[in-house]
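Here is a short briefing on helix packing in one model. Please keep the sequence and the structure in view.

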Amino acid sequence: MALGGPDGELAASLRYLNQRYAMPYGEVKGLLTDIGTEELAHLEIISAILYQLTKNLSVDEIKESGFDTYFVDHTTGIYPVAASGTPFTAAYFQSKGDVITDLSEDMAAEQKARTTYDNILRLADDPDVRDPIRFLREREIVHYQRFGEASCTM
């Protein structure tokens, strides 16, 4: 899922906010800080969508949707897991301390996030879900472009 999976917002925010410490270029360090902070805002958006979708589910709806195993552990609390149900792990993000390696990782991460949002848009028909997901998808494209521009300055 876009929250706690390997291509989710939690991994993205931690990736960028940790990579900035080893970044020797002030402008790129600022970019990592800005995008990492924005990814935290994306985490908030996804969490709000998940909460709104689950807060009023009946027990029957929980069982029918396959949400019952999650519900047993977390009720309707927001917990960072992948769509497969795998809990978040720090192994989902990289920070190598090498400028080119990290920026390449970041560009790939943004494309994987875009694909995740494309997949959500294929499945969702609720405009209250689709509209913010479209916005987040667009931001992933912008982040990809900014990381590409930063890698060209090296």
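Predicted model: local features only at pLDDT ≥ 70, side-chain atom pairs only at ≥ 80, totals over all residues.

Residues are numbered from 1 along each chain as its sequence is written, and side-chain values use heavy atoms, without hydrogens and water.

**α5 and α6**
- The axes of helix α5 (residues 99-123) and helix α6 (residues 127-152) come within 9 Å and cross at roughly 160°.
- That angle makes α5 roughly antiparallel to α6 (over 145 degrees).
- Helices are DSSP runs of H or I, at least four residues, numbered from the N terminus.
- Axes are lines fitted to C-alpha atoms over the stretch in contact, and angles run from 0 to 180 degrees between N-to-C directions.
- The α5 contact with α6 has twelve nonpolar, four polar and eight charged residues.

**α2 and α6**
- Helix α2 (residues 26-54) packs on α6 at about 165°, with the axes 11 Å apart.
- α2 is therefore roughly antiparallel to α6.
- In α2, the residues that meet α6 include Leu 31, Ile 35, His 42 and Ile 49.
- In α6, the residues that meet α2 include Ile 133, Leu 136, His 143 and Phe 147.
- Contact means heavy atoms within 4.5 Å.

**α1**
- Nine of the eleven residues of helix α1 (residues 9-19) are buried (under 20% relative accessible area, 1.4 Å probe, protein chains only).
- Among them are Leu 10, Arg 15 and Tyr 16.
- Their cover includes α2, α5 and α6.

Conventions: Helix = DSSP H or I, 4+ residues; strand = E, 2+ residues; numbered from the N terminus. Parallel < 35°, antiparallel > 145°, perpendicular 65-115°, else oblique. Nonpolar A, V, L, I, M, F, W, Y, C, P; charged D, E, K, R; others polar. Buried < 20%, exposed > 50% of the residue type's maximum accessible area, 1.4 Å probe, protein only.
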